[in-house]
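Please keep the sequence and the structure in view while reading.

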Amino acid sequence: MQAIDIMTPNVVCVGPDANVRDIAQMLLEHRISAVPVVDDERRVLGIVSEGDLMRRVKDETGDNRSWWLSLFSAGKDAGAYIKSHGRKAHEIMTPNPLTVEENAPLHTIARLLEKHHIKRVPVVRDGKLVGIVSRANLLQGIANAVVAPTQSPADDRSIREAILKEIDSNTGVRTESFSVIVDGGAVEIWGLVESAEQKQAVTVAAENTQGVKSVENHLGMMPRGAGYF
């Protein structure tokens, strides 16, 4: 399996001038924990995570840095000031994040996340954003890959794309909040939707896709506005 087989393809992203308040609302609305910051050509400039926003709130309520660390800094920290007071995505984002190509194998992605202590990595094709792989995506992919596939990865990818297209086009369910993994025609779906009806719609869409042999729907339910992951 490669990044393209497990990534979330419909990535919610923002431009460098996106407002911080709008980004926070976006995280809540889509139940996600980070958004890539991209330019007009969808090249990844940075990432704004819930940690960046929480750190901003923490900084605004008082400087919690250890007193002895301040002994090693000369004067005020301009970078920290920008992070805690900036109002635009490019001012608070983590710039130049690590990325992987869509053909990156799972073990490479796992090592990257572990080595750099990160929770997610954008997936690019020709330098442009096409998806994102989180730790959850990776674990689901590894668990699903235990059984040897009975058909080619290309067939599974076609099935996966067809399922996501059907869901995105005809059910009204947001595909950015869950992931679909196909291995040998066996489909597993993980993530969150807003209702039992949406969960069932996703199952029906998968079952009606040509080439699907079985469907396991592990989707949980969280009403809109109840929080995010």
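## Terms and basis

Exposed means over 50% relative accessible area, buried under 20%, and partly exposed in between, with a 1.4 Å probe and protein chains only. The model is predicted, so local features need pLDDT of at least 70 and side-chain atom pairs count only at pLDDT 80 or more, while totals for chains, interfaces and linings use all residues. Residues are numbered from 1 along each chain as its sequence is written, and side-chain values use heavy atoms, without hydrogens and water.

N96 is exposed, with a relative accessible area of 67%. N96 sits in the loop between β3 (94-95) and β4 (100-101); helices (H or I, at least four residues) and strands (E, at least two) are DSSP runs numbered from the N terminus. Its phi is near 50°, a positive value in a residue other than glycine.

R31 also is not a glycine and has a positive phi, about 55°. R31 belongs to the loop between α2 and β1 (34-38) and counts as buried at 3% relative accessibility.

## The open sheet

Three strands make an open sheet of mixed pairing, in the order β4-β5-β6. β4 and β6 (128-134) are the edges, each with a single partner strand, so one side of each has no neighbour in the sheet. Strands pair if DSSP finds at least two bridges between them; β4 and β5 (residues 120-125) run parallel and are joined by two bridges. E101 stands opposite V124 in β5.
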